[in-house]
Amino acid sequence: MFKNIKRYTVIAALGLTAVAATSCESYLDINTDPYASTKVEPKLLFNYATTNWAANRAGGDNYIPIALSAQTIASGGNFGWGKDNVYEISPYSTGNTWKAYYATAGLNLVQAIAEAEKASPANNNAAAQAKIELATMMYEATLIWGDIPFSESWQESISYPKFDAQKSVFEQVIGLLDEAIAQIDETSPLKISEYDLIYNGDLSKWKSFAKSIKFKTYMVMVDKDPSVASKIGQMLNEGGMVSSAAANFTFPFYNTPDKENPRYKILKRYAGGSNIFFFANNNVLSYMKQLEDPRIPVYFDKPAGVSTYNGVDSEEEADATTATISMYLYRPDAPEVVYTYQEQLYLEAEAYARGLGVGQDLNKANELYKKATLQALLFNGIASSTAQDYVDNTLPALTSVAKPVDQIHLMQWIDLMDRPLEAWTQWRRSGSEGNEVPTLTQPEGTPAGGLIRRWVYSPDEATSNANTPSPTPIITQKLWFDL
Amino acid sequence: MRKVLFIGLVMFLTLVSQAWAQNRAVSGKVTDRSTGDALPGVAVLVKGTTTGTATGVDGTYTINVPEGSNTLVFRFIGYSVVERNIDNASVVNVALGVDSKQLQEVVVTAIGIERETKSLGYAASKVDGEELTKARETNVVNGLAGKVSGVRITQSSGSLGGSSKVTIRGTNSFGGSSPLFVIDGLPISNSAPGGNTPTGNGSVDYGNRAGDINPDDIESMTVLKGAAATALYGARARDGAIIITTKKGAEGKVKVSLNSSTRFDNVLRLPDLQNEYAQGNFGKYDLRNTNGWGPKISEVQDVTVKNFMGEDVTLQAYPNNVEDFFQTGMTYMNNLAFEGGSKEGDFRLSLGSTNQTGIIENQGLDRYNVGLNAGRNFKDKLNVRTTINYVKTTTEGRPVQSSNSPNILTSAIYGLPRTVDINRLRDNYIDPITGEQISLTPDKTGNNPYWIINRNTNESDLERMYGNAIVSYKPLPWLTLSNNTGVDFYKENRFNKTSKGTFGALEGEFYKATLQNRIVNNDFIVTAERDINPDLNLKVMAGHNIYSTHYEAQAVTARNLTIDGLYDYANATSTVPSQSISERRLVGIWGDLGLSYKEYLFLNVTGRNDWSSTLPVDNRSYFYPSVSTGFVFTDAFNIQSNILDYGKIRASWANVGSDAAPYSLDYNYNPATTYFVQYSLSGTFPHGGLLGFSAPRTLPNFNLKPQNQTNVEFGADFRFLSNRINLGFTYYNTKTTDQIVALDVPLSTGYFAKYVNVGAVLNRGLEVDLTLNPIRTTSGFDWTTNVNFSKNVQEVQDLPESLDFYGLASGWSGLQIKAEEGKSFGLYGTAWQRDPEGNFIINKDTGLRETEQGKRLGSITPDWLMGINNTFTYKGINMGFLVDIRKGGVFYSGTVASLRSSGLAEETLENRGSIFIDRGVNKTDDGFVPNTTPVQSMQDFWGKYSATANTEGNVFDASYVKLREVRVSYTLPKRWLENTFVGSAEFGLEGRNLWIIHSNVPHIDPESNFFGAGSVGEGVEFNTMPTTRTLGFNLRVTL
């Protein structure tokens, strides 16, 4: 009987094995996601990356904490928005911003480059467009955190990318931009056109933008590394950088639900469409008043029944009479601005005023500075006659002020009020510690140790990447370029 | 049940008789000694042979006794074995007495195999259905709390129909632990798919699917804890299994049973609020601030201010405004069952209903269950059985919890300024003329909670069918072939709406989703069993299993409604559709060899090989074995003692493999529907008319191999003093290696995670089950206490050298659940900076504490758990209560953070208006010096101390002691019911979650879990609904 049991068991087991083995293979081959694709055109990745990048810049993880902590706008103490002004920047914001640069935007650009270059024929222009954006994003990331992963990022074989020193990051940014510039073939029809919401496939504009970012990078580096001054001079002589407002790098938002500028959406969603959170900061408004800047009513709104534009200091309690950041700047279809012609002109003015790689030439600087200011006013919707009149008659000439370079920096600061990452960078590079333009003071309630000069690393990165610098730099620690 | 089983067993023995010498026939009747009732199914064997028979329904038997044999052996589960000499008699009548020495309970183990408890080489805890229906939980999972050692139940919130998580012997994986639920051999879904709302990250708890089971249909629930117990289920039961057997009709008279409860639900714990200060900012009244930082109410009685209605009022506190928001919820649970059976078959039809109204207006849940369990015997060889269950659940008003949604209710209620009259708020949430919301704040940022509950309700509708068909055929007396085919299918519709005029979503929006899940399972099993010789029994089983799951979800978020209240896609100017799918298949073959020697030594060896669809083709096959043994030494050594009645030791070893998540292997690009913007402002694609595609968040891995778990378990069971004391110990050691996880990688790689085999989780633990029967009198009074104790020590091992931590789950503002080498899963976040002596470092200028990020703040799991269940019976009176104790672990409360930072919690009264200097040190160039800087205001202090981002300020010890369950019932004496149509009747009072006897968390019930039942994360809550206390009446009648 036991033999019978054995026999039947063996037969059953063999039978079951046979059933399992024969039916397995095709039955189990279902591990493909029907709602995903293993191939994709570079333009689709490029558009996803660009949109995520712009949305982060304009949204509550980047715009708000930087604008408030860099003191370009004010939260009105407890009257308005949150605690970013006293440097309580949510790890969520640092995390999401890091995520945008490396994952949602960064990785998709890297994949777009790979898909473009492996296509047959290779879509070199698409690769170049993606490279220029990627370089710009890494330029921004290093200005927030200093040493960051770059050379070892986005490589599947490397799980823990090393952190490159900021100087190296800048050099890699320039290297990547050079690579992209060389890769552009303006005669080729292969490029990202329709899916390029910035320049609609105009490769000459991409090239000029790439050169401008390269130039701007050198301008950030030059105080710490004066050797790049020659590069600045070389670029000024060669030209080819952004040379008209038509070449501004702006990302469009629309006055359509879910396509609006995130700054407007905050107000729409949480404040019935009016600005009750963000106020005029005296660090901008008081200088504009001194300069009788025609942009005041563009930048700020007065509360109803209040006749003057009243600003507040960074942690001062606002009240019902305080001017708010204008609904013009916070309009739904306000574009996210990454680079402008006036920014280029101010930088060029600064280079001539300081003699960076070119002979010091205050007249040339003044000419560029006035041109820049005119462009800045026009950019903000000031009528051309008013703008021209202001530049000609009110704006102090560089030749008549005691510190022309500081005057340029002040105008750069005012121009960049609504672009806080650029404003913060501009302020940090505008002078050695204590000599920045404008002079900022530490808001009450901020931790001891000075003004904010960087963000701490995203906790997600710091805890998962053993290569994160240790001890982790604190927010008051200066970056490499910051003297 | 036991009898039926044993009849079957004995039939085998009878039929396989080889020695068929027909010398003489002996007959007789077997009865129960205490009742005199006939005992059917008693095995009658001729000693020293394999000749045997079984008693019939009337307890009689006839057996042919071979020549030379003179002794009959009578054996029946639960009774002492009796041997009788025949001598010259032709009639041998026997009365069997109940055997108190042996643990002859039968439990259902893996693949539905029934085994005697004493034969098991591992711990398996059985909970009778009766125990689960004593004070029924609407979610049957909660009914296990405190009742089974090694089992931890974590309720997510007090949300109606909310989810609960089951963890058996600690979390084994970085991806979390989820025990397998099996009903009548069919593995069913216990998923808790997350519920996105149209408003960002705020979440609605839609429950876990095991909550659909009708508790009244459960005959028993067996908790299989270790890998040896669940080895035959393989990967699916890596985290243990809960095996549910449903009730069947018993042979005999047709019976109708009614079980009816009416219950009242109230908030278990409300926050302790201050009633002295109005809303405002730094002592100044301001309607814009919904908080408690305004002026002292008693000091502004000489002035009038505007209230939220714009009326001039003198401020006064409304101490009950939060309490009065809540109402008494009602729960009606009714079940009607018709059952009956005969030799040929049995049936049971069960009709159940659960109707609840919530503790908040406009909340309701209606669940209807229909269950049929019917079996039919076709002659001796063929038996068929089918179970069909239908569940329909509709809910309304499930609250939005956590954060980043305008519809979050808890913060809207708890955040009410103390000067707001709830009645005014209730009557004035909508402007009768304009139809617009009347806001709590003039700047229209604070939603009136009555607006939320009246206008922005969430609805869900679930239909589910599950059941199986079992065919069992015995071609040979010792051979059984059976096939069990089962299907579990559910479809759930979710609908969340936010009406126009809701602050935070002024244009209105809605979200509709349809979720479908299907499990198909087939088990083909061949069983061969017989006695090799009178002392040695062999049972060999082989099986083939096919298991497939298919999950699909479609959702549409629609924003910006044109006409208010019309939730049609065409009425929205923006719609975002999304869909997802997940499918997996598993094919397995297995074998199980069981040996029983003299019924005191048992050995069981199993092996299973699985082929999984989710693994790379080269690695998709994997094998795992188990071995277990039990030794009843009191039987083996024939120990006769007045003290020790029964003693057994057991040991097991098992290895289990498991597969990966579907689609972990391909590099997939997904079309994007949205791009992220903080504060719930995400935009949608196409943007500018253009689509976007995204690379995967998780880097696939083409070389994944199966995850591996090794489990070792030792245990012992004892019974002392005539079963007055039952004691069981189990020690286990489970190591899960090569974990297949989507390992969070630094975002600088471009990815959020990558699939890898990495790391190990070790869980070691001790379980003690003690049952005491201190009093048992002849007058019928009985007191029984069951104490179950579980201690689990978890340790993360084998993380790569480059990885100090592994992020398991993220909360807000830097709060994370992480795995760290050498430690248990822990809560990490922003902590207070301390000097080397441990003093808080305080900012010299502000007087406020300095913080640092990424610090471990404690373990999320408890040190130990204990349940103490007491039952008292006296004649028809039955009383019981269950105390549930948790010791250790930490808990983060976002609700407490809000109550404190907004100055509404009672403790924020302290030091208001006086100087407060926090104890600590200032960091100076000369080192640390004692802090002398006062905080500038208590508003500043609590604003910093309890900021959501300051994790440590909101972390508490998660220990608690709770009175979980109380029941008192009275069964009418049978004689009262004689000559009536009523067979039995019982009245009861029942209560659940009556009292938090001890807790270290202020203001709220520490049993809340923001991460939900589907996540590895726990120990964190953000604005969860308060849990409820339930008290009610119960009536049970049998006709």
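Guide: First, one convention. Helices (H or I, at least four residues) and strands (E, at least two) are DSSP runs, counted from the N terminus. The model is predicted, so local features need pLDDT of at least 70 and side-chain atom pairs pLDDT 80 or more, while totals for chains, interfaces and linings use all residues. Residue numbers start from 1 along each chain as its sequence is written, chain letters start from A and ligand numbers from 1, in the order written.

Visitor: Where is Glu292(A) found?

Guide: Phi of Glu292(A) is near 50°, which is positive, and the residue is not glycine. Most residues other than glycine have a negative phi. Glu292(A) is found in chain A, in the loop between helix H10 (282-290) and helix H11 (296-299).

Visitor: Is Glu292(A) buried or exposed?

Guide: Count the other C-beta atoms, placed from the backbone, within 10 Å of a residue's own: 20 or more is buried, 12 or fewer exposed, anything between partly exposed. Glu292(A) has 11, so Glu292(A) is exposed.

Visitor: And which class does Glu599(B) fall in?

Guide: Glu599(B) also has a positive phi, near 55°. Its place is the loop between E33 and strand E34 (601-612) of chain B. With 18 other C-beta atoms within 10 Å, Glu599(B) is therefore partly exposed.

Visitor: Which residue does a cis peptide bond join to Val437(A)?

Guide: Omega of that bond is about -5°.

Visitor: Where does Pro471(A) lie?

Guide: A cis peptide bond joins Ser470(A) to Pro471(A), with omega about -5°. Pro471(A) lies in the segment after H17 of chain A.

Visitor: How many helices and strands are there in chain A?

Guide: Some scale for chain A: the C-alpha atoms fill a box of roughly 115 × 55 × 45 Å along the principal axes. Of the 483 residues in chain A, 59% are buried. The count is 17 helices and 8 strands.

Visitor: Why does the span of helix H7 of chain A agree with expectation?

Guide: The expected span is 1.5 Å times one less than the number of residues. H7 (residues 203-221) of chain A has 19 residues, so it should span 27 Å, and its end C-alpha atoms are apart by 27 Å.

Visitor: How many residues of H2(A) are buried?

Guide: Helix H2 (residues 42-58) of chain A reaches 24 Å from its first C-alpha to its last, close to the 24 Å expected. H2(A) is mostly covered. The buried count is 17 of 17.

Visitor: How many residues of chain B are in contact with chain A?

Guide: Contact means C-beta atoms, placed from the backbone, within 7 Å. On the chain A side, 88 residues take part. On the chain B side, the number is 86.

Visitor: Which strand gives the largest share of the side of chain B that touches chain A?

Guide: Several strands each supply at least two residues of that side, including strand E31 (509-533), strand E32 (536-561) and strand E33 (572-597) of chain B. The largest share is 10 residues, and it comes from E33(B).

Visitor: How far apart do the C-alpha centres of domain 1 and domain 2 of chain B lie?

Guide: Domain bounds come from an automatic or database domain assignment. In chain B, domain 1 is 2-96, and domain 2 is made of several segments, including 140-266 and 959-1038. The centres are apart by 42 Å.

Visitor: In what order do the 4 strands of the open sheet in chain B come?

Guide: Two strands pair if DSSP finds at least two bridges between them. Here the pairing is antiparallel, and the order is E3-E2-E5-E6. The edge strands, each pairing on one side only, are E3 (52-54) and E6 (82-85) of chain B.

Visitor: Which residue in E6(B) is the bridge partner of Val73(B)?

Guide: Strand E5 (residues 71-75) of chain B runs antiparallel to E6(B), and 4 bridges join them. The partner of Val73(B) is Glu83(B).

Visitor: How many residues lie between E29(B) and E30(B) in their hairpin?

Guide: Strand E29 (residues 458-476) and strand E30 (residues 479-498) of chain B run antiparallel, joined by 17 bridges. Asn468(B) stands opposite Gly486(B) in E30(B). E30(B) is also joined to E31(B), by 20 bridges. Between E29(B) and E30(B), the number of residues is 2.

Visitor: Which residue in E58(B) stands opposite Gly880(B)?

Guide: Strand E53 (residues 877-887) and strand E58 (residues 960-971) of chain B pair in the antiparallel sense over 10 bridges. The residue opposite Gly880(B) is Arg967(B).

Note on methods:
Two residues are in contact if their C-beta atoms, placed from the backbone, lie within 7 Å.
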